[in-house]
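Thank you all for making the time this morning.

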Amino acid sequence: MTTKSDILIIGGGPVGLSCAYYLLKSGRKVTILEAKEIGKGSGHGNAGQIVPSHIIPLAAPGVVSSALKWMLDPALSPFGMKVRLSPAYLLWLVQFAAACNDANVQRSLPAMRNLAQLSVTNLQKMLDEEGIECRYQQTGIITLFKDEKAFEGGKHEAEFLGKNGVPTEILDKAALHAREPIALDDVIGGVHFTGDSFMNPAIFLGELAKRVRAMGAEVHENTPVTGLESAGGKISKVRTASGEFEAEHVVLAAGAWSPIVARDLRLKLPVQPARGYSVTVAAPRKMPRHAFILGDRRVAVSPLGELLRFTGRLEVGEYSTTPNPDWLARLEKFVREYIELDEKLDVKETWAGLRPVTPDGIPAIGRSPHHSNLTVATGHAMVGLTLGPGTGQVVTELVNGRKTAFDLSPFGLERF
Ligand SMILES: Cc1cc2nc3c(=O)[nH]c(=O)nc-3n(C[C@H](O)[C@H](O)[C@H](O)COP(=O)(O)OP(=O)(O)OC[C@H]3O[C@@H](n4cnc5c(N)ncnc54)[C@H](O)[C@@H]3O)c2cc1C
């Protein structure tokens with residue numbers, strides 16, 4: 001059986017759902033095909049941090065040397081790498097290493113800033129207009145430091161970001177402890193990103209999915225796309241186990257799985273998974289006032305109303321979403337190094353998810369160079385929850401043939 005649709009979105013994560021929301025608002029009819037349950041993919045258990053401050057791409061100077069140094073101490077390293085002898089993966093590693101330079105940062109920064117600012121504006125409008133209550137808090141995110149050298153690095157980065165329009169405040173020890181009394185005494189300072197915010201991502205995605213359904217989207221869960229066919233420069237068929245779909249336009253938003261979905265197409269889409277973990281506990285007696293990033297450990301701490309979540313680790317090339325229990329235990333141990341916590345925590349959920357990462361560390365958003373009815377939106381790496389609402393708007397503009405809110409060429413697929 002073949003089902004015909006107007007817009008077919010593959011993937012119901014933060015990016016696919018945001019695309020659905022803005023396409024529906026623009027008057028298009030939307031069908032979503034989701035392999036599992038909508039909103040339960042890599043967005044569900046993430047840190048929930050809305051970080052317009054994260055405009056430096058993942059591929060930046062010093063990343064490779066830091067990764068190599070960390071890997072000498074695998075039990076403590078925030079970074080890991082799967083050994084896989086796949087040519088696409090090996091090429092991705094080489095391209096990523098080559099992109100870790102200042103030119104990549106300079107090229108990416110304006111586009112990342114535009115997308116981040118649009119996303120934050122859109123998110124706030126969406127929460128207000130749709131009445132979404134998702135424990136959204138705007139007290140900002142503080143990077144905490146225990147090590148003088150790391151704090152110096154944090155200050156340097158804050159100064160750079162400040163010059164690029166990101167509001168930051170350097171906190172010395174006294175200022176930090178006055179602002180966040182839960183920090184332990186040997187935390188020596190912090191950088192407060194006052195424009196950042198945080199939310200419970202699972203509640204947000206669940207509520208957004210409800211709105212999208214109420215606006216008329218047809219949602220097919222447990223319907224993995226098994227292949228795409230093309231003819232005459234267009235996507236002619238989208239295959240699933242429960243039938244075929246034809247669409248005026250297809251939006252590929254399947255996160256780290258996007259290259260697998262597109263494997264039958266002549267399309268260069270070098271996206272690799274980077275697995276991370278989270279542990280969510282019932283709110284301890286004392287809760288932080290802000291969300292944190294533990295600067296020396298690269299672990300995120302997010303107060304989510306009645307819950308507190310610890311998130312961390314970046315394992316490149318790993319597709320499995322089964323959490324590693326050793327790492328889950330380490331996340332809690334690292335958090336105990338920085339903030340006061342009850343002796344015994346009530347663990348509510350443990351989770352692993354995949355960040356979709358391109359070799360230059362910025363998203364891939366654009367029309368396919370070879371298929372007139374295919375738009376790709378993936379590669380949002382560590383910031384897909386943040387960048388979803390802006391991506392939804394610009395994808396809608398692209399699909400509808402309108403002028404985009406800003407120049408999208410740095411995100412275009414032609415660069416691969
Ligand atoms: C540990 C961790 C912490 C993070 N913290 C943050 C944070 O604080 N802030 C932030 O902004 N971002 C954060 N992220 C990143 C963010 O979660 C991702 O960037 C985001 O989930 C990407 O969204 P997406 O919609 O592109 O992909 P996904 O969320 O992965 O969604 C893709 C969807 O496609 C579906 N799919 C896959 N294959 C198919 C198929 N064949 N057919 C149909 N559907 C398919 C999947 O089931 C999934 O639901 C974090 C990620 C991790 C892992």
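This is a predicted model: local features need pLDDT of at least 70, side-chain atom pairs count only at pLDDT 80 or more; totals for chains, interfaces and linings use all residues.

Side-chain values use heavy atoms, with hydrogens and water left out.

Let me stay with Arg266 for a moment. I will call a residue buried under 20% relative accessible area, exposed over 50%, and partly exposed in between, using a 1.4 Å probe and the protein chains only. Arg266 has 62% relative accessibility, and therefore counts as exposed. Setting aside residues up to four places away in sequence, Arg266 touches His370 and His371, where contact means heavy atoms within 4.5 Å. The side chains of Arg266 and His370 are also joined by a polar contact of 3.4 Å; by that I mean a pair of N or O atoms within 3.5 Å, where, within protein, one must be able to donate a hydrogen and the other to accept it, and residues adjacent in sequence count only if both atoms are side-chain atoms.

Now, which residues come nearest to the ligand? Of the 37 residues around the ligand, they are Glu34, Gln49, Val225, Ala381 and Thr386, and a residue is included when one of its heavy atoms lies within 4 Å. By class, this shell holds 19 nonpolar, 16 polar and two charged residues, with Ala, Val, Leu, Ile, Met, Phe, Trp, Tyr, Cys and Pro taken as nonpolar, Asp, Glu, Lys and Arg as charged, and the others, Gly among them, as polar. Strand 17 gives the largest share of the shell, four residues, and at least two residues each come from helix 1 (14–25), strand 13 (272–282), strand 17 (347–357) and helix 10 (384–399).

Oxygen atoms of the ligand lie 3.3 Å from a polar backbone atom of Pro14, 3.0 Å from a polar backbone atom of Val15, and 2.9 Å from a polar side-chain atom of Ser42. The protein covers 96% of the 1000 Å² of accessible area that the ligand has on its own, as computed by the Shrake-Rupley method with a 1.4 Å probe.

Pro14 and Val15 bring us to helix 1, where both are among the buried residues. Because 11 of its 12 residues are buried, helix 1 is largely enclosed by the rest of the structure. Helix 1 is followed by Gly27, whose phi is positive, near 100°.

Most residues other than glycine have a negative phi. Arg135, however, is not a glycine and has a positive phi of about 60°; Arg135 sits in the loop between helix 4 (102–130) and strand 5 (141–145). Arg313 likewise has a positive phi, of about 75°, but Arg313 is found in strand 16.

Methods
Residues are numbered from 1 along each chain as its sequence is written.
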